[in-house]
Amino acid sequence: MSARLLTVAQVAELLGTTVRFPRRLIEERRITFVKVGRHVRIPEPAIEAYIAKHTVQPVERRYGKVA
């Protein structure tokens, strides 16, 4: 296994949130996680997939045309 396992604090820092947000994602089973004894770790590819899934692309606007 070559995927790096991140702590909840590391994930929070990556996402720019408090630790409460990734903990909520884990509790609601909205993200893949690994239990290592009592500890919870999140595979780095799971974070990348979460970001990709929730990335909103800009809408291209065409000025002068009424849709």
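Which residues are buried in α3? Let's start there: in α3, those are Ala-46, Ile-47 and Tyr-50, with buried meaning under 20% relative accessible area, exposed over 50%, and partly exposed in between, using a 1.4 Å probe on protein chains only. Looking down the axis of α3, these buried residues fall within an arc of 100°, so they line one face of the helix; the arc is taken over the directions from the helix axis to the C-beta atoms.

Quick housekeeping. This is a predicted model, where local features need pLDDT of at least 70 and side-chain atom pairs count only at pLDDT 80 or more, while totals for chains, interfaces and linings use all residues. Numbering runs from 1 along each chain as its sequence is written, and side-chain values use heavy atoms, with hydrogens and water left out. When I say helix or strand, I mean DSSP runs numbered from the N terminus: H or I with at least four residues for helices, E with at least two for strands.

Okay, back to α3. Its buried residues pack against β1, α1, α2 and β3, where contact means heavy atoms within 4.5 Å. The helix lies across β1 and β3, at about 60° to β3; axes here are lines fitted to C-alpha atoms, for helices over the stretch in contact, and angles run from 0 to 180 degrees between N-to-C directions. As for Tyr-50, if you leave aside neighbours within four places in sequence, it touches Phe-21, Leu-25, Arg-30 and Ile-31.

Now the other helices. In α2, residues 20-27, the buried ones are Pro-22, Leu-25 and Ile-26. Down the axis of α2 they also fall within an arc of 100°, so they line one face. Over on the other side of α2, Arg-20 and Glu-27 are exposed. The cover on the buried residues of α2 includes α1 (8-15), β3 (39-43) and α3 (44-53).

And α1? There, Val-8, Val-11 and Ala-12 are buried, while Glu-13 and Leu-14 are exposed on the other side of α1. Among the elements covering the buried residues of α1 are β1 and α2.

So what does the largest nonpolar core look like? It has 11 residues, including Leu-6, Val-40 and Ile-42. By nonpolar core I mean a set of buried Ala, Val, Leu, Ile, Met, Phe, Trp, Tyr and Cys residues joined through side-chain atoms within 4.5 Å. Two or more residues each come from α1, α2, β3 and α3, and α3 gives the largest share, three residues.

On to the sheet. It's open, three strands, ordered β1-β3-β2 with antiparallel pairing; two strands pair if DSSP finds at least two bridges between them. β1 (5-6) and β2 (34-36) are at the edges with a single partner strand each, so one side of each has no neighbour in the sheet. β2 and β3 pair over three bridges, and Val-34 sits opposite Arg-41 in β3.

Last, a few backbone spots to look at. Just after α1, Gly-16 has a positive phi of about 75°. Arg-29, in the loop between α2 and β2, has phi near 55°, positive in a residue other than glycine. At 61% relative accessibility, Arg-29 counts as exposed. In the segment after α3 you'll find Thr-55, partly exposed at 42% relative accessibility. The Thr-55 side chain reaches the backbone oxygen of Ile-51 at 2.5 Å.

Key:
Polar contact = N/O pair within 3.5 Å; in protein donor to acceptor, adjacent residues only side chain to side chain.
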